[in-house]
Amino acid sequence: MADAAPLILVVDDHAIVRGGCRQLLEPPLSRFRVVEAADGMAAREQVARHDPDLVVADLNLPGSPSGLDLVRELTGAGRRVVVFSMHETPGIAGRCLEMGAAAYVTKSDAPDALVQAAEAALRGDRWLSADIARALALPNREGDLTEREAEILDILADTTDLDDVGRRLGISYKTVANSLVRLRNRFGVRRTADLVRVAVQRRAGG
């Protein structure tokens, strides 16, 4: 394998997952070189030692930094990052994209999705799992949101715990629930989960 082949750091606490990623990314199936790390601290060491072209990181990492903190740290330093996670909720994917991740791949995707995401990220493009991409592509129907509705919608990008939403805004659970009814009607959706998708898209800039 030529030394010029792009180097990818795979960060996951499961050796079987790291081995599977290596098998997908290295020859003969693909064209990359791979190094591994089992947690955030080891990832930092590997980044300093190898200066990888791309980092593929899980979100559920033991110890500190957490997976999300590692993604934030790496993207803040200008590194290209592909998130490879078991989480399929658009809120988490949206948060990773806000942090600057180039791609979000779920572990239920087809095996070649990881290779496609890595290639896109190295080109400077964004890549999303099909389900996540559809979830984040809901049409914008904001209309004239009230200030309170806008606040609730913003918090929904972080949590769907209505008690937590109420605590943050200093309002009752019932007030939050009634506001969600109005928001669902406004956006033409039936579930709070669909409002979360709207909230993530809105925070990401539509």
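The charged end of Lys 107 sits over the ring of Phe 84, 5.6 Å from its centre, where a charge counts as sitting over a ring if NZ of Lys or CZ of Arg is within 6 Å of the ring centre and within 35 degrees of the ring normal. This is a predicted model, in which local features need pLDDT of at least 70 and side-chain atom pairs count only at pLDDT 80 or more, while totals for chains, interfaces and linings use all residues. Residues are numbered from 1 along each chain as its sequence is written, and side-chain values use heavy atoms, with hydrogens and water left out.

**Overall picture**

- The secondary structure of the protein comes to 10 helices and six strands, these being DSSP runs numbered from the N terminus, with helices taken as H or I of at least four residues and strands as E of at least two.
- Along its principal axes, the C-alpha trace of the protein spans about 60 × 30 × 30 Å.
- Of the 206 residues in the protein, 46% are buried; buried means under 20% relative accessible area, exposed means over 50%, and partly exposed is in between, with a 1.4 Å probe and protein chains only.
- Among contacts between residues at least 6 apart in sequence, 65% join residues at least 24 apart, a contact being heavy atoms within 4.5 Å.
- The structure holds zero aromatic pairs, a term for rings of Phe, Tyr and Trp (its six-membered ring) whose centres lie within 6.5 Å, with planes under 30 degrees apart counted as stacked, over 60 as edge-to-face and the rest as tilted.

**The sheet**

- Six strands form an open sheet in the order β2-β1-β3-β4-β5-β6, with parallel pairing; two strands pair if DSSP finds at least two bridges between them.
- At the edges stand β2 (33–37) and β6 (127–128), each with a single partner strand, so one side of each is left without a neighbour in the sheet.
- Strand β5 (residues 103–106) pairs with β6 in the parallel sense over two bridges, and the bridge partner of Tyr 104 in β6 is Leu 128.

**Ser 85 and its surroundings**

- Ser 85 is placed in strand β4 (residues 81–85), and it counts as buried because its relative accessibility is 0%.
- A polar atom of the Ser 85 side chain lies 2.9 Å from the backbone nitrogen of His 87; a polar contact is a pair of N or O atoms within 3.5 Å, where within protein one must be able to donate a hydrogen and the other to accept it, and residues adjacent in sequence count only if both atoms are side-chain atoms.
- Leaving aside neighbours within four places in sequence, Ser 85 is in contact with Asp 58, Leu 59, Tyr 104, Val 105, Thr 106 and Lys 107.

**Salt bridges**

- A search of the whole structure finds 15 salt bridges, each defined as a side-chain nitrogen of Lys or Arg within 4 Å of a carboxyl oxygen of Asp or Glu.
- One of them joins the side chains of Asp 51 and Arg 79 (2.8 Å, N to O), and this pair links distant parts of the chain, 28 residues apart, with Asp 51 in the loop between α2 (40–50) and β3 (54–57) and Arg 79 in the loop between α3 (67–76) and β4.
- Asp 51 counts as partly exposed at 48% relative accessibility, and Arg 79 is also partly exposed, with a relative accessible area of 22%.
- The side chains of Arg 168 and Asp 158 meet in a salt bridge (3.6 Å, N to O); Arg 168 lies in helix α8 (residues 162–169) and Asp 158 in the loop between α7 (147–156) and α8, so the pair ties together parts that are 10 residues apart in sequence.
- Asp 164 forms a salt bridge with Arg 167, the closest N and O atoms being 3.9 Å apart, and these residues, three apart in helix α8, are separated by about one helical turn.
- Asp 164 counts as buried at 18% relative accessibility, whereas Arg 167 counts as exposed at 61%.
- Salt bridges that share partners join Arg 95, Asp 158, Asp 164, Arg 167 and Arg 168 into one network.

**Helix α8**

- Within α8, Leu 162, Asp 164, Val 165 and Gly 166 are buried, and what covers the buried residues of α8 includes α7 and α9 (173–187).
- The N-terminal end of α8 is capped by Asp 161, which has a side-chain oxygen 3.0 Å from the backbone nitrogen of Asp 163.
- Following α8 is Gly 170, whose phi is positive, near 70°.
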